[in-house]
Amino acid sequence: MKSPWKVFKTTLLFLLLSQSLASVSYENQPGASYSHGQSCLGCVLVVSVIEQLAEVHNSSVQVAMERLCSYMPEKLFLKTSCYLLVQTFGPDIIKLLAKAMKPDVVCHALEFCKQDAVQSQCRLYPHSQKYPRSGHNIYSLPFLTKTFQKIELSIKKTVPFKDDDSDKHSVFPTLRGYHWRGRDCNDSDKTVYPGRRPVNWDIHQDSNCNGIWGIDPKDGIPYEKKFCEGSQPRGIILLGDSAGAHFHIPPEWLTPSHMSVKSFFNLPSALTDELNWPQLSGVTGFLDSTSGIEEKSIYRLLRKRNHCNHRDYQSISKNGASSRNLNNFIESLSRNQALDHPAIVIYAMIGNDVCNGKADTVSEMTTPEQMYANVMQTLKHLNSHLPNGSHVILYGLPDGTFLWDSLHNKYHPLGQLNKDVTYAQVFSFLSCLQVNPCNGWMSSNKTLRTLTSERAEQLSNTLKKIATTKTFANFDLFYMDFAFHKIIEDWKKRGGQPWELIEPVDGFHPNEVASLLLANRLWKKIQLQWPHVWGKENPFNSQIEKVFGDQGGH
């Protein structure tokens, strides 16, 4: 849920393999200790993979490094950069691992881990080895920095990098393109974009990109008018954090026993989507689930209900987002109050108001008073931008104690080969490096976990209070609990276990299955209590399919 990009960039600069498990909120300017923590964690992850690759294939460390590079895609210069980095750091890694040093000690010797009284004691693996210093430094490799400039620019702006007409919609999938918001169907005309009301019933062109346009030759009636008029089209917009954007690190990236060329085929796409997979998320996902469960995203349910809603989705989500910083990037939301259809907005800042990596984590949490002020500012902005007839749903915060309860004694992907690294060890290591994404819940301290859940409940009650006492001119307002315990109960009835609903690499985020189950629970609860929110079912859906097929695809 926290900003992972800078950690991942550091790791890529070392061997272009994996992103760290942890982060600090993206709006914070990381200090020296945080930067060293990123470097250290990235190095330990990669050296661990190298060591295990050598073990799995009974090969030398040199061959293991070359094998890892051979798995890297050519895109973004990943393969080339990997070989250059092996050439630079490989001899030292070989020498240090040959001395039976564990990866964390190797990374201290390579000076990726800070040589101070605190960080020098941070250990992922149990040992007490001493180490020399190698003299190499990751920042002596400036040749890689240009690779990431486009990605960083896109992250900062939270709008599509490729957007020729500047309408905040794109024909390109990643770099905040149509993985995040409906695909533009004319990137040279800023008056054409998903979600707008049709221009002259779209007789001559598809002005709202829903794939419905032209005139029925049988009766001369425009298709948009015939099929969509009165059907109450509406879009879905998520204001979220990395949980809503579906932050995901494939475990095969860190599991040498299952690693192959296929493991990294989606690495370039993942990098340019900030390690998020919004196209598979529970709210705005438009692709079939990779998990095989039958539940669909809210966008897909809306589209199924009314095909005129095609492509009208936006994920205004960001790693590290919270009530405190949402207003820094909410301007990236695309909705014209006068020209566009109403929208359903889901406000889902579910973690970062209580989660942080600070040692004194409780004092850094958002207070109920701050939450109230922050959310009211957001709602006032929405009221000035959303078309009349819109809806806003405030989503509460979870009780995150299930994270420790479900994972602490299980082996992390890095520890599965030799049964030597549990999630408890990973959480402790992250805290020592000061890069734990949630010191409150990812902690062995039961009192601290309880205090974190109590603050989350207080903030949820603040959201509930706003929803029940405040009214706005252009939208009605609702509150829904983030009832993850209900999802766990439902999953158990299907024969599953709670830990199967958590991202295995970071041990923090809801995974794809959990995201879809949560979305479907939200859909059903809203349908039961406030059915008007989702709109009515369009009786012309089958005719739209007959005339326009898949309406131009995603």
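## Disulfide of cysteine 122 and cysteine 432

The S-S torsion between cysteine 122 and cysteine 432 is about -85°, so this disulfide is left-handed. Cysteine 122 belongs to the loop between α5 and α6, whereas cysteine 432 sits in helix α12 (residues 423-433), so the bond ties together parts 310 residues apart in sequence. The model is a predicted one, and the two sulfur atoms are placed 1.9 Å from each other.

Cysteine 122 has a relative accessible area of 1% and is buried. Cysteine 432, at 23%, counts as partly exposed, because the buried class ends at under 20%.

## Further disulfides

The whole structure holds seven disulfides. One of them joins cysteine 40 to cysteine 113, with an S to S distance of 1.9 Å. Its two ends lie in distant parts of the chain, 73 residues apart: cysteine 40 in helix α2 (residues 32-56) and cysteine 113 in the loop between α5 (103-109) and α6 (149-157). The torsion of about 80° makes the disulfide of cysteine 40 and cysteine 113 right-handed, and both cysteines are buried.

Another disulfide connects cysteine 355 with cysteine 438 at 2.1 Å. Cysteine 355 is in the loop between β3 and α10 (368-383), and cysteine 438 is in the loop between α12 and α13 (446-469), 83 residues apart. The link of cysteine 355 and cysteine 438 is left-handed, with -65° about the S-S bond; both residues are buried.

## Helix α9

Helix α9 (residues 298-305) is mostly covered, with six of its eight residues buried. These are Ile298, Tyr299, Leu301, Leu302, Arg303 and Arg305. Their packing partners include strands β1 (235-240), β2 (313-317) and β3 (343-348), together with helices α15 (512-529) and α16 (541-548).

Notes
Residues are numbered from 1 along each chain as its sequence is written. This is a predicted model: local features need pLDDT of at least 70, side-chain atom pairs count only at pLDDT 80 or more; totals for chains, interfaces and linings use all residues. Side-chain values use heavy atoms; hydrogens and water are left out. Buried means under 20% relative accessible area, exposed over 50%, partly exposed in between (1.4 Å probe, protein chains only). Helices (H or I, at least four residues) and strands (E, at least two) are DSSP runs, numbered from the N terminus. Contact means heavy atoms within 4.5 Å. A disulfide is a pair of cysteine sulfur atoms within 2.5 Å.
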